[in-house]
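This report describes a structure chain by chain, then turns to backbone details. The sequence and coordinates are shown first.

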Amino acid sequence: MTAVTFIDTGLLADVKRFGAADVSACFSCGNCTAICPLSDNDGTFPRRMIRYAQVGMKDALLSSKELWTCYHCGKCSDSCPQQADPAEYMAAARRYAIASYDRTRLARTMYTRPFVGSAIALLVAVFFATFLYSAHGSQSNRSLKVFDFIPEHLIHYTGIAVMVLIALAGLAGIVTMARGIARREGVQFRQLPLAGIFGALWNAIGVESIGQRRYRGDCSEIQETEPLYRRRWLAHSLTLWGFLGLLGATLLDYGLSLIGVRKTGAAVPVWYPVRLLGTLAGIAMVYGVSMLIVNRLLRSNRAAKESKPSDWMFLVMLWVVGFSGFLIEIALYLPHAPSWGYWVFLFHVSVAMELMLLLPFIKFAHAIYRPVALFFYALAGEQAKQAGREELTSAA
Amino acid sequence: MSERRIGVYICHCGGNISDYVDVAKVRDAIKDEPGVVHAETTLFACSDGTQQDMIQRIRDEKLDGLVVASCSPKLHLFTFRGVSKRAGLNPFQYSQVNIREQDSWAHGDDHAGATEKAIGLVKAGIARTQWSVPLEPISVKTTPKTLVIGAGIAGLRAAIGLADIGLGVYLVEREKELGGWVARFGAMYPNRSSGRELIDRLVAEVKKRPEIVVLTNAELASKSGSFGNYVTEIRINNDIPDSLRLEVGSIVVATGFDTYRPEIGEYGYGIDGVLTLPEFKELVDHSTGSLTYHGKPVRTVAYIYCVGNRQPGGNEYCSRYCCAATVHASIEVDRIDQNVHQYHLYRDIRTYGKFELMYEESRKRGSVYMKFPDGTPPSVAKAPDGRTLLVTTRDTLTGGEELTIPADLVVLVTGMVPRDNEELTTILKLPVGSDGFYNEIHPKLRPVETVVDGVMIAGACQGPKNSTESVASGLTAVTQSGAMLMKGVAELDPLVATVDPERCTWCGACQEVCPYAAIDKITVDGREVATISAATCKGCGGCTSYCPDHAIDLLGSTTSQIESMIDSLAEDPLERVEEPVA
């Protein structure tokens, strides 16, 4: 446990490539800690995160669950006497962490090299489009029969291949991160009661990730800078819930065909429950993403002030997938199938594939790493409760 | 009955005395003492109003003696000597009796006893004043020349200042070159002009002044005489050794400092790449374009602060220039190469005053400051690969976990230590503090004078100082020299020992005990007797009590004065009843 930590003299310079504000100015006064709604009794957050970068404690930084408990409300930056912008630093450190958990260095490229990153994104999209189009069939003009144009099984198996790839890449990242945190925190899973682990899982995934409790509560800004309709937590929640809704609709669609209720691609009315779920979720997601994009364009809050290519890539792809989905739906219900419907479909599928494939390498990666950190955060709470209970028992 | 006309004032000190001592009772007890023509109590003897009353009283009543019973003479002896002088009374006819520090404050639990003691003390003061005689200050002609020892920045600047106020100057430097430490420095705070430039400017100014005689390779070999008229011998250590005899009125010692030399192994000192601050500064000052050490580029520097300073049992003081010097050096390094990583491992950063801005600049330029907890200093070792140095430390701001910095250079921030100047110290009888630096009389009020009259200290020989402070103290010594020598005569306190040649049989005992070498043997009317130089005597009284023939008396505290005080104190202060005639 007392292994000596070697200082990485280049750490701060490296983190700065991910957009870190000028934290050299930070003199560790702790005003950020005093004002942060997430700061707890040990009183080191977020001050110590900055210190790690200044000193060059790379492993400590990357194995800090605290990095991910922050939702960038910006109160610390408002109260920083040195204008070191700790909130922006935290965002940069998260980007740095995403890049560091990924061993392929693709995430690093996507974040720090805008032109190469965009070229890669374009090439991947072109690859999927070309690959899928290579097996294309006929375009019926009576009604939109997309699977006649691009064979369903091809999309299906390509999708599975993509899923396996991202599962591997994502899992590798998660394992790297989780091992680091567990080591630093001294977590002994075998000694924890199962209920505690499940409780922490529920808290991390249910309450915080899906429920967005802290995002809406503690971590919303005191004075919201944007009107209610594009408030940050609202836009983010709608995006998240919309995305999950679409994922659910897709899975249901597939499930229904598995049990033989309805064949995938069979024509259904607009009110058909699964279709309705998809439509509503799509509306929510496109609305949410649009607002997030508007906020970033207007730089209307602390979190939207600075955007990296990777952030834009994620938002734009989400929006494109959502919006093109609607165009397909419109084309589906038109009396005559327009030929653009087929091309939009090809575009939609290609970008969706790309979005999933790039998940661990762009901003999207926060969706896998943040829950891991939140799990450890909740686990620490469970451990504290456990310790409290043991103390009570031994006292009695 | 006494012929004397003595006035006595007993001070309340606003309650400091009168809360414990019944001052009215004291007055009543002493008002009929022999020679007392006036006695009164006063709320504050030192107040302007009372001083005016005293002057009026001395004049109206033609007083020839004054006693004030109040606080310590350290506080107001000169106040009431001044009152006497203004009233036309010889100041040495005044006696101060301390009934505050030595009575009321000490005996707050025993008011009756305190009053009794006060009566005794005041009576003794009156008894002493009965025997007082008018004394005049001793006047000696002074030589309008100053010997400046050490030609560093303080000595050079002092020499110029002395010449400019019209004094002759001998500037004596032990080394071959003038300039001391500063001559070796590169860019200095705040406007980055180099130390060499500063010294060159001063040396040019020195050369313009014919009043300054510069002696290099030279050392003080001996000193005799007294303040105003010292005779010194200077040893010139040239190929052909030489010696000079110089007469001067005062001496300014500006011999500077040495830097701490770490022991081999102390923070890795002795390993290649572990440097002291002066060694590192030299490296930085000679670098342009990039910082290299032995031809290899330096990527990471670790500074370890407070080496050899603030060590319990060692040098306990803080050299306080080193923080600023190191922070400045780190900025210079950043100017040379922005990509050098710099880690400052410190106990406390003391960039006081304007140096604080430098500290901020250094941090903004990327220097990382890490405070190590007291008691766990960093350690330095060579990396197994032999290429880098591994500095292991703890950072209090990240919970004190052990961290290792791979560094190309380790700089030990060494402070100032006193120079080894034993010969000079002995010759001048300079007072040395427990830290080894020379001591002034009073750090605030008499900052450059020493207990040896006419010998002043300036610059870092007195304790750690930066260049600015050294020059300031050098110029203070100029002012003090001017104040002493510009009048041409010096007035010395007349409270010195005198020999009665009739009684003296020259046994030599007094000469042996005199700590100031003020006593010589002379022949008067064919008899060998002792004589005491009034200019050299400090009035300590050592010889007086030692003389077996009672031939020596100390003016101002004569044997008859002391004996009358003892006699007075020996009486019962309250019951001086006439012996009934049998």
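## Basis and conventions

This is a predicted model, in which local features need pLDDT of at least 70 and side-chain atom pairs count only at pLDDT 80 or more, while totals for chains, interfaces and linings use all residues. Residues are numbered from 1 along each chain as its sequence is written, and chains are lettered from A and ligands numbered from 1 in the order in which they are written.

## Chain A overall

Chain A has 17 helices and one strand; helices (H or I, at least four residues) and strands (E, at least two) are DSSP runs, numbered from the N terminus. The radius of gyration of chain A is 23 Å, close to the 21 Å that the globule rule gives for 396 residues, so chain A is as compact as a globular protein of that length. This radius is taken over C-alpha atoms, and the globule rule is 2.2 Å times the number of residues to the power 0.38. The C-alpha trace of chain A spans about 75 × 50 × 40 Å along its principal axes.

Of the 396 residues in chain A, 41% are buried. A residue is buried if 20 or more other C-beta atoms lie within 10 Å of its own, exposed if 12 or fewer, and partly exposed in between, with C-beta atoms placed from the backbone. Among contacts in chain A between residues at least 6 apart in sequence, 76% join residues at least 24 apart; two residues are in contact if their C-beta atoms, placed from the backbone, lie within 7 Å.

## Domains of chain A

Chain A is assigned domain 1 (11–101) and domain 2 (106–385), with bounds that come from an automatic or database domain assignment. The C-alpha centres of these two domains of chain A lie 27 Å apart. Contacts link 25 residues of domain 1 of chain A with 30 residues of domain 2 of chain A.

On the domain 1 side, helix H4 (58–62) and helix H6 (86–101) of chain A each supply at least two residues. H6(A) gives the most, with seven residues. By class, this side of domain 1 of chain A has 13 nonpolar, six polar and six charged residues. Here Ala, Val, Leu, Ile, Met, Phe, Trp, Tyr, Cys and Pro count as nonpolar, Asp, Glu, Lys and Arg as charged, and the others, Gly among them, as polar.

## Contact between chains A and B

Between the chains, 16 residues of chain A are in contact with 17 residues of chain B. Strand S1 (5–6) and helix H3 (47–55) of chain A each supply at least two residues of the side of chain A that touches chain B. The largest share of that side, five residues, comes from H3(A). The side of chain A that touches chain B divides into eight nonpolar, six polar and two charged residues.

S1(A) runs parallel to strand S22 (residues 402–407) of chain B, joined to it by two bridges. Two strands pair if DSSP finds at least two bridges between them. The bridge partner of A:Phe6 in S22(B) is B:Thr404.

## Chain B

Chain B is divided into domain 1 (6–135), domain 2 (145–256 + 419–489), domain 3 (266–410) and domain 4 (497–555). The C-alpha centres of domain 1 and domain 3 of chain B are separated by 62 Å.

Helix H9 (residues 321–336) of chain B reaches 23 Å from its first C-alpha to its last, close to the 22 Å expected at 1.5 Å a residue; the expected span is 1.5 Å times one less than the number of residues. Twelve of the 16 residues of H9(B) are buried, so this helix is largely enclosed by the rest of the structure. Its cover includes helix H8 (277–285), strand S17 (300–307) and helix H10 (355–364) of chain B.

## Local backbone geometry

Most residues other than glycine have a negative phi, and most peptide bonds are trans. The bond from A:Phe45 to A:Pro46 is cis, with omega near 5°; A:Pro46 is in the loop between helix H2 (31–35) and H3 of chain A. A cis peptide bond also joins B:Tyr189 and B:Pro190, with omega about -5°.

A:His72 has a positive phi of about 60° and lies in the loop between H4 and helix H5 (75–79) of chain A. A:His72 counts as buried, with 21 C-beta neighbours inside 10 Å. B:Tyr267 has a positive phi near 50° and is buried, with 23 C-beta neighbours inside 10 Å.
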